[in-house]
Amino acid sequence: LCNVAWPSGSAQGSRRPCVVPISRYLRGTDRGWNAEAMEKNESMPLGVVIERRRVDHPWKDHDWRPVAVFPGAPELDPHGPWTRLREGEGWVQFHAGTLSLELFRSETESYRVNLSQEPPRVFVVLRGSDDPQVDHELVPFLVTADPFEAQHYLDSGEEMVEVVSMPPEVLALVTDFVAAHHVEQAFVKRRRKNPKGREDPFSRRPGVERPSGKPNGATGGES
């Protein structure tokens with residue numbers, strides 16, 4: 001067991017089980033995450049909180065949307081029963097599944113873009129389910145700190161993508177991961193290819209100098 005920050009109003013109590021012990025990330029340092037001890041790729045389980053809220057609409061009576069993620073969540077299959085966390089007038093929030101936030105060395109530039117935002121965000125991707133055994137209209141499919149990966153799913157038009165605030169534990173992990181693995185890439189100017197597929201360093205051919213006093217097309221000497 002370990003103490004984690006669950007959304008207020010949770011009926012789980014003050015101490016909760018962790019899927020992956022926090023000690024995997026904490027290395028006894030005052031600052032928390034130890035970048036030197038990190039693997040090349042890192043992951044952290046995050047619980048996804050989805051809210052069902054009543055709406056005044058002619059074709060539907062409620063909306064679903066992600067509102068938070070929290071670290072240290074217990075295992076929960078998004079396709080199975082959800083855990084009710086809290087509710088109020090016209091709304092109810094559920095722990096709707098636990099997904100792994102994965103970090104990759106090749107995507108550190110994307111994470112830097114996210115960290116430059118105020119505040120940094122976690123992107124939650126939801127998908128509709130066609131399985132008749134699943135009671136939910138939408139299920140959590142992905143959590144990511146990469147804004148460009150999230151944009152890919154948004155552009156597809158088949159998934160719902162929402163942003164939630166990045167918890168402090170996740171912010172520390174992403175920050176140290178970037179510090180440990182980011183490598184600046186030198187800018188390389190692309191060479192344009194001509195119609196024959198050969199690389200052409202110029203977009204236009206340079207002019208051809210002709211001998212003075214000769215008209216265009218002249219090739220031989222005087223007759």
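Is Asp-63 buried, partly exposed or exposed, and what is its relative accessibility? At 31% relative accessibility, Asp-63 counts as partly exposed, because buried means under 20% relative accessible area, exposed means over 50%, and partly exposed lies in between (1.4 Å probe, protein chains only). The place of this residue is in strand β2. Contacts of Asp-63, leaving aside neighbours within four places in sequence, are with Glu-51, Arg-52, Arg-53 and Val-55; contact means heavy atoms within 4.5 Å. Arg-53 is 10 residues away along the chain, yet its C-alpha atom is separated from that of Asp-63 by 5.4 Å.

The structure is a predicted model, in which local features need pLDDT of at least 70, side-chain atom pairs count only at pLDDT 80 or more, and totals for chains, interfaces and linings use all residues. Residues are numbered from 1 along each chain as its sequence is written, and side-chain values use heavy atoms, with hydrogens and water left out.

The protein has 3 helices and 9 strands. These are DSSP runs, numbered from the N terminus: helices are H or I with at least four residues, and strands are E with at least two. Along the sequence the pattern reads β-β-β-β-α-β-β-α-β-α-β-β. Of the 223 residues, 35% are buried. Among contacts between residues at least 6 apart in sequence, 61% join residues at least 24 apart. The accessible surface comes to about 14,900 Å², and 48% of it belongs to carbon and sulfur atoms. Accessible areas come from the Shrake-Rupley method with a 1.4 Å probe; for residues, only the protein chains shown count as cover.

Two strands pair if DSSP finds at least two bridges between them. Strands of a sheet pair through backbone hydrogen bonds, either parallel or antiparallel.

The β3 and β4 pair can be followed residue by residue. Strand β4 covers residues 91-103, runs antiparallel to β3 and is joined to it by 5 bridges. Thr-83 stands opposite His-95 in β4. Glu-87 stands opposite Val-92 in β4. The two strands form a hairpin with 2 residues between them, and Gly-90 in the turn has a positive phi of about 85°. Most residues other than glycine have a negative phi, and most peptide bonds are trans. The bond from Glu-118 to Pro-119 is cis, with omega near 0°. Pro-119 is placed in the loop between α1 and β5.

The 14 residues of α3 should span 20 Å at 1.5 Å a residue, and the end C-alpha atoms are 20 Å apart, which agrees. The expected span is 1.5 Å times one less than the number of residues. Buried residues of α3 include Val-170, Leu-173, Val-174 and Phe-177. The buried residues of this helix pack against β1, β4, α1 (108-115) and β5 (121-128).

The largest nonpolar core has 26 residues, of which Val-69, Val-143, Val-170 and Val-174 touch the most other members. Elements giving two or more residues to this core are β1, β2, β4, β5 and α3. The largest share, 6 residues, comes from β4. A nonpolar core is a set of buried Ala, Val, Leu, Ile, Met, Phe, Trp, Tyr and Cys residues joined through side-chain atoms within 4.5 Å. Val-170 touches Met-44, Leu-46, Leu-101 and Val-122, not counting residues up to four places away in sequence.

Strands β5 and β7 are joined by 6 bridges. Arg-121 stands opposite Ser-165 in β7.
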